[in-house]
Amino acid sequence: MRPPSSPLLLSLLALVTISFLYNVNPHKAPFRPQDVLPLLPRQVSRPLLNTLRGAVDLLPTFVGAASSFNNSALEWKGACFYKNTAWLEFHNKTGSEFGGGTLHIKVSNAHSWTCMDLYLFATPYRVTWDYYFLSREHTLEFNEWESKAEYEYVKRKGVSIFLMEAGMLGTLEALWDVFPLFTNTDWGENSNIAFLKKHMEASFEERPQPWFTNITIDDIHSGDFIALSKIRGRWGGFETLEKWVTGSYAGHTAVCLKDSEGKLWIGESGHENDEGEDIIAVLPWEEWWEFELSKDDSNPHIALLPLHPDLRAKFNETAAWEYARSMSGKPYGYHNLIFSWIDTIAGNYPPPLDSHLVASVMTIWNQMEPAYAANMWNEALNKRLGTQNLSLPDILVEVERRGSSFDQLLMIPEQDDWTYSDGKSTSCVAFVLEMYKEAGLFGTLSDSIQVTEFTIKDAYTLNFFENNSSRLPKWCNDGDTMKMPYCQIKGKYRMEFPGFNTIEPYPHMTEKCPSLPPKYYRPKDC
């Protein structure tokens, strides 16, 4: 980390000086190590800061909603100020139809002279932020409510308040930890590995070279499952966060198909076309494998999970091809991407994530990228409400009007037969499992299982795969000192799939499953 620039350093020193003048207390610590470590040279601060905070500290914590109901004040303990209260006062200073409001925030009992608290404030229609380093009452003005709906919502529910637990400097430090996750560098790769080791207890044991396998495609069959794990660059960073919240030890999937002439193809939802769009595609094996070996800069680790012979015998190749052709060229399934993760009120959110924060993130994206937000969640949320074309703010208001809550709305299972504005929506793993459905692998359970609810972990824990290592291809794990129950065909580090091949399908599978790190305990038949 670079030392702060001169203007920034002067600003920080000015803030500390002002804080000292207003907060002198002989019993208060003049500073706390966490407050000043980010200002020290990187070689000094980094080892200490790593023990105190990390990328997860970027996530704000919901402390409550400030309202004017019964004139009661919200109270909480902050990261810097240990005694805080907030209340909302409605007014109409502008003479507008619905008026506005003043949020009062009183902060006191700072633990040191150098600390400050950073907050986000949100309604379904706006998100703003502020920080406090003076021990006194502060105000945040909402000059005008955007509409009657916002006015009614705030009157009933208040303004949501989120605390950045790491404080101002800690948040900047956490940003420094998050940034490399998405960089296509050795630094980025090492950061992703460190994050997964710390938060998922992943092992990343190094394999003997060579780190790719000379494959005989005669040994690969239709329906064989491919799991990929990317650990650097844009997709590496995204997959790292996806793995953390879902408990999946892979971040992408594909499926093998052979045509009537024995030619091997790969079906994949999430292939990037020439226009940079993520689509569903069926590619010749040679083209797909060449890209993964020499052109994919995310350092993909790849494992082949052969189907069990009994399942292979049941696999209807004709039906699988019909399904693949019907989906080819359609957009990647962004609509149901997040809903396979969230199944419970609180059991899918690694702290400090919760449904309040999810709603606030959605609100931010709804303001910044409305089309993106509609594609990612608005249509899916409308499906759950049985409504059409409601915006995110209107969805949140409608949920409250019905006497429900946003966390309950997120829990409603995705349905495989839902059709969105751009057609059926399947993420990478849903595409593979929908093909399994069409090919007959779920048998009589097909109508009672929604595979769009499955995460990648849910897929590789199905008992669909080879369970006799003597039947694996001879080249499988060739040269590796550890004989795994599947074939890793690329990657420096040994891929691991806890719970692999252990769960027999059952009705409504994976619709109510928690996924809390680092153990990701899964109750039976959830």
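Analyst: The expected span of a helix is 1.5 Å times one less than its number of residues. Helices (H or I, at least four residues) and strands (E, at least two) are DSSP runs, numbered from the N terminus. The model discussed here is predicted, so that local features need pLDDT of at least 70 and side-chain atom pairs count only at pLDDT 80 or more, while totals for chains, interfaces and linings use all residues. Residues are numbered from 1 along each chain as its sequence is written, and side-chain values use heavy atoms, with hydrogens and water left out.

User: How many helices and strands are there in the chain?

Analyst: The chain has 16 helices and 16 strands.

User: What does helix α6 span from its first C-alpha to its last?

Analyst: In an α-helix there are 3.6 residues a turn, so residues three or four places apart point the same way. Helix α6 (residues 186–200) has 15 residues and reaches 21 Å between its first and last C-alpha, close to the 21 Å expected at 1.5 Å a residue. Just after α6, E201 adopts a positive phi of about 60°.

User: Which residues of α6 are buried, and what do they pack against?

Analyst: Buried means under 20% relative accessible area and exposed over 50%, with partly exposed in between (1.4 Å probe, protein chains only). The buried residues of α6 are G188, E189, S191, N192, I193, F195, L196, H199 and M200. These buried residues pack against α7 (233–246). Over the chain, 56% of the 526 residues count as buried.

User: How many bridges join β4 to β7, and how many residues of β4 are buried?

Analyst: Strand β4 (residues 100–110) is joined to strand β7 (residues 137–142) by 6 bridges, and the two run antiparallel. Within this pairing, H104 has T139 as its bridge partner, and K106 stands opposite E137. With strand β3 (residues 81–91), β4 pairs in the antiparallel sense over 10 bridges; there F90 stands opposite G101. Strand β4 is mostly covered, with 9 of its 11 residues buried.

User: With which strand does β5 form a hairpin?

Analyst: Strands β5 and β6 form a hairpin with 2 residues between them. Strand β5 and strand β6 (residues 126–132) pair in the antiparallel sense over 7 bridges, and L118 has Y131 in β6 as its bridge partner. Strand β8 (residues 159–164) is joined to β5 by 5 bridges, again running antiparallel; in β8, S160 is the bridge partner of A122. Of the 7 residues of β5 (residues 117–123), 6 are buried, so this strand is largely enclosed by the rest of the structure.

User: How are W285 and W289 arranged?

Analyst: A pair of aromatic rings is described by the distance of the centres and the angle of the planes. Rings of Phe, Tyr and Trp (its six-membered ring) pair if their centres lie within 6.5 Å; planes under 30 degrees apart count as stacked, over 60 as edge-to-face and the rest as tilted. A search of the whole structure finds 28 aromatic pairs. For W285 and W289, the ring centres are 5.2 Å apart and the planes are at 15°, so the pair is stacked. The two residues are 4 residues apart in helix α8 (residues 285–294), which separates them by about one helical turn. W285 and W289 are buried. Elsewhere, ring pairs link F225, Y460, F465, Y486, F497 and F500 into a cluster.

User: Which ring does the charged end of K383 sit over?

Analyst: A charge sits over a ring if NZ of Lys or CZ of Arg is within 6 Å of the ring centre and within 35 degrees of the ring normal. The charged end of K383 sits over the ring of Y420, 5.4 Å from its centre. R384 lies over the face of F339, at 3.9 Å from the ring centre.

User: Is T455 buried or exposed, and which residues does T455 touch?

Analyst: Contact means heavy atoms within 4.5 Å. T455 is found in the loop between α15 (428–438) and α16 (456–460). T455 is buried, with a relative accessible area of 9%. Not counting residues up to four places away in sequence, T455 touches T246, S248, S340, W341 and V429. Among the contacts in the chain with a separation of 6 or more, 72% are between residues 24 or more positions apart.

Terms used:
Pairing = 2+ DSSP bridges.
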